[in-house]
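Here are some notes to read alongside the model.

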Amino acid sequence: MTSASEPSGSAPVLIVGGSLVGLSTAVFLARHGVRCTLVERHPGTSVHPRAVGYYPRTGELLRQAGVEDAAVREASGFATHRTRAGVTSLAGEVLFSKEELEGDDDLGDLTPSRLLLLPQDRLEPLLRDRAVELGADLRFGTELVSFAEDPEGVTAVLDDADGSRTFRSSYLVACDGPRSTVREALKVPRQGRGVLSRHVSIAFGANLRPVLGDRRYSVVHVKNPQVTGILVHDDTLSGGTLIVGYRPEDGESLEDFTDDRCAELVGAAVGAPGTEVTIRSRFPWDMAEQVAESFVHGRVLLAGDAAHVIPPTGGYGANTGIADAHNLAWKLALVVGGVAGPGLLETYDAERRPVAVYTAEQGSLQLALRSGTATPEQQATVADAVTVTSGQAYRSGAVVGEPDGADLPVASDPRALRGAPGTRAPYVELLRGGEAVSTLDLFGRDFVLLTGEHGREWISAAVSASAELGLKITARRVVPGTDAGAGTLADPDGNWAARYGGLRPDGAVLVRPDGVVAWRSPGADPAGAETPVLTAVLSSVLARESRTAGR
């Protein structure tokens, strides 16, 4: 037995929670070269399907992390599961039917990624394997007992099969779910409508092939006298998950959901007498709209469900949590590496919390819309999924706005944004050495400066700023046509400048490691001061010493 006073090690970042968001945080941090240790009290990754759908923007983030290809292969059996339907049962009457993410085939000008359907219990192992491959230290069967902050870092007490011991880190990222013990210990209040209803997810096995035939559903809303709930079937047609509600105020409890009772509910949802049902697992959860009032507490940062709980009706919860991890990782990497000031971490709250509030509200609006209770005013404010997930706009110290730029809403149609600072850098297909390359594949590790064919002064400025700030910057000219020299990108369709806001051939755009536009200049600096301008911009973004940023 080990004494709690005996240290078990240290790392710049300790991640608490090993579900989707915690594993994503480990992947993104390790990819930036940050040593991190993840602790998870359960012995392994999720055994319950839980989240299922991931929007194209999440696919882009997984692409940067080197996980998208494996996820697409694992999800190939779900490729035709695109229909959301309402039924009396799988064998009964179809009340409505609608294709998920209608117009998805029209997203080719927006993104190379697509809607991905893959149960959480099958995505988590892919993230785990990638995190280990990148060097992250994952400790399952290890629980956070307590932690204490000080000006230099966090000391945690961890408990595993060998006993308790201390662990030292510079920062702690709490990814420990909606009942986050870290958030509760910090006494961070939450805002929002609170718990809306209580549910239990029932993972089951059953031969669904005879009743489904050639139909493939992404989500099925079931309503009949025996059961009301949501059913999702897997790609093997040998099982799925049924989600039903219960009302503690009416005397109902989780104890009511015995194996026999769950099998009855699943049987009623399938609607085919004689179907044999086995119960694999149960997972209780609350449908809620709750957002922490701060995502940053000294050296402790909240992410995923620990920071926000979003009604699942829009399928935004896991997507938002993975985006939290992506936003936070590069900032932690630069702060831990001494390149950025600690103020950069404050921009995590400034950027992600408004998005979480907006997205949680959108989840509630979707709930009202699908339940038929939405007012005309509410219906008018419902945004489509691509807008919610790909059209976000950040306002923070990590973005240098334009002097005449209007404040953007939290989310807009991404096609209308055209590279505005604080928004996702637009997708354009270019050529590099004669080979096709997406602009999205240029982003993910370092700052990237793109400039037009006459932007050589901006390229020189990037070299100087990189040397002065100790920051790696990839700088490339984008030239029209199909022939480009070494270190240059070719724009065969002539779309790049227009997609990035109509930049002139001597203009430039600076993109952060998370693929968000940090700043742009429509042309050359009028005073020929490209180097001091770019250095000041980067110093501002990195929360370094005070400078006058921008033009």
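1. How many bridges join β4 to β5, and do they run parallel or antiparallel? Five bridges join the two strands, which run antiparallel. Two strands count as paired if DSSP finds at least two bridges between them, and helices (H or I, at least four residues) and strands (E, at least two) are DSSP runs numbered from the N terminus. A hairpin of six residues links β4 to β5, and Gly86 has Phe96 as its bridge partner in β5.

2. A word on the ground rules. This is a predicted model, in which local features need pLDDT of at least 70 and side-chain atom pairs count only at pLDDT 80 or more, while totals for chains, interfaces and linings use all residues. Residues are numbered from 1 along each chain as its sequence is written, and side-chain values use heavy atoms, with hydrogens and water left out.

3. Next, the other partner of β4. Five bridges also join β4 to β12, this time in parallel; here Arg84 is paired with Val219 of β12. Five of the five residues of β4 are buried, so this strand is largely enclosed by the rest of the structure. Buried means under 20% relative accessible area, exposed over 50%, and partly exposed in between (1.4 Å probe, protein chains only). Both faces of β4 are covered, with Thr83, Ala85 and Val87 on one side and Arg84 and Gly86 on the other.

4. Now for the whole sheet. Eight strands make an open, mixed sheet in the order β5-β4-β12-β13-β14-β11-β15-β18. β5 (94–99) and β18 (308–309) stand at the edges with a single partner strand each, so one side of each has no neighbour in the sheet. Strands β11 (residues 190–205) and β15 (residues 278–292) run antiparallel and are joined by 13 bridges; Val195 stands opposite Ala288 in β15.

5. Two helices to look at on this sheet. Helix α7 (residues 259–270) packs on the sheet and touches β11, β12, β13, β14 and β15, its direction making about 85° with that of β15. Helix α9 (residues 343–371) also packs on the sheet, touching β4, β11, β15 and β18, at about 120° to β15. Contact means heavy atoms within 4.5 Å; axes are lines fitted to C-alpha atoms, for helices over the stretch in contact, and angles run from 0 to 180 degrees between N-to-C directions.

6. Asp349 lies in helix α9 and is buried, with a relative accessible area of 12%. Not counting residues up to four places away in sequence, Asp349 touches Ser294, Phe295, Val296 and Pro354.

7. On to the cores. A nonpolar core is a set of buried Ala, Val, Leu, Ile, Met, Phe, Trp, Tyr and Cys residues joined through side-chain atoms within 4.5 Å. The largest has 104 residues, of which Val182, Phe447, Leu449, Trp519 and Leu534 touch the most other members. Helix α8 (residues 317–336) gives this core its largest share, eleven residues. A second, separate core of 28 residues includes Val211, Leu212, Leu231 and Tyr246.

8. Finally, the chain overall. There are 15 helices and 25 strands. Of the 551 residues, 55% count as buried. Among contacts with a separation of 6 or more, 70% come from residues 24 or more positions apart. The C-alpha atoms fill a box of roughly 80 × 60 × 45 Å along the principal axes.
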